[in-house]
Amino acid sequence: MTGTHKDTTITRRRAIAVTGGTVAAGGLAIAGYQSAFADETTATATETTAASASAGSSSGTCVLMSSVTEGPYYLDGALVRKDITEGKSGVPLTLRITVQDTTESCAPVAGAAVEIWHCDAWGYYSGYTTANPGGSAPAESEDGSTADDKTYLRGYQVANANGVVKFETIVPGWYTPRTCHIHVKVHTGGEKEDGTYEGGKVNFTGQLFFEDAVAEQIFELEPYAQHTGTWTKLDDDMVYDGGGASSGLLTLKPVHKKDPSKGYKGSITLGIDPDTENTGAGSGGGTPPSGAPGDAPSDAPSASASSTESSA
């Protein structure tokens, strides 16, 4: 029912040199399930044709999406890897992200580094495992002394010639007061080094979202069901602004229509301006409920501050 992968740990995190900015970048959902998830060996011709058609169309084919905060649970030095589960169980998710240049008629941004991170099935983030996810959830790890050394559900992939990256992960759970979501950054100008991504700049910082109906089905399954309490719906979320794909809403297709435990395939297109810098640094993204341990992220906002969080 759930995907479980080999457990690994990392004790040395390498910093990524980035600079900040305030200009927004963008996103647009991918249309077409078959073309979006064709095997790598057969997708090249289809993707190249789609990219050429996009490049020859008007600028209206790319929709800019305002950047939002990176939230309080960001860690730099994430590994370049396709499978980011690192032993975490949950409903499998194959995530396909396409990066396009909105200044060049939606041409693919080959070499862009896409970074994602999200919580596990019980609402915990690697590196911040003592932060209370709200409600009632099992402890993240029986061995608390090393729990924060793990880097589960964090990673980079570098876009191919068609601007495409793929990740193998799980559908995130929830934590108070946020809806189900995935954080994302797009970097350009850096390069892979020793298994991490070094240098360059951040062009886009955003979040990806799940339809309530999908999240509700998943949260009734194990191991999600062990986290009890009230989760936040899209309409009540402090970040999602109701704009659909342009606001980060994923296109989702179940692997098996009658059995959501078999997993989902999610897709979205992010249109960026490669000359724009936007790190999304700062507070926001949802703080743990009151009573969280003292070593929760120092940049987590107060409850009153987080309630006013919006896109940049």
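**Exercise 1.** Is R81 buried or exposed, and what is its relative accessible area?

*Solution.* The model is predicted, so local features need pLDDT of at least 70 and side-chain atom pairs count only at pLDDT 80 or more, while totals for chains, interfaces and linings use all residues. Residues are numbered from 1 along each chain as its sequence is written, and side-chain values use heavy atoms, with hydrogens and water left out.
Step 1: take the cut-offs, where buried means under 20% relative accessible area, exposed over 50%, and partly exposed in between (1.4 Å probe, protein chains only).
Step 2: R81 has a relative accessible area of 13% and is buried.

**Exercise 2.** Find the salt bridge partner of R81 and classify that partner.

*Solution.*
Step 1: a salt bridge needs a side-chain nitrogen of Lys or Arg within 4 Å of a carboxyl oxygen of Asp or Glu.
Step 2: R81 pairs with E86, with the closest N and O atoms 2.9 Å apart.
Step 3: E86 is buried, at 5%.

**Exercise 3.** Which parts of the chain does the salt bridge between E70 and K185 tie together?

*Solution.*
Step 1: the closest N and O atoms of E70 and K185 are 2.6 Å apart.
Step 2: E70 lies in the loop between α2 (40-55) and β1 (92-101), and K185 in strand β6 (residues 181-188), so the pair ties together parts 115 residues apart in sequence. Helices (H or I, at least four residues) and strands (E, at least two) are DSSP runs, numbered from the N terminus.
Step 3: both E70 and K185 are buried.

**Exercise 4.** How many salt bridges does the rule give?

*Solution.* The count is 5.
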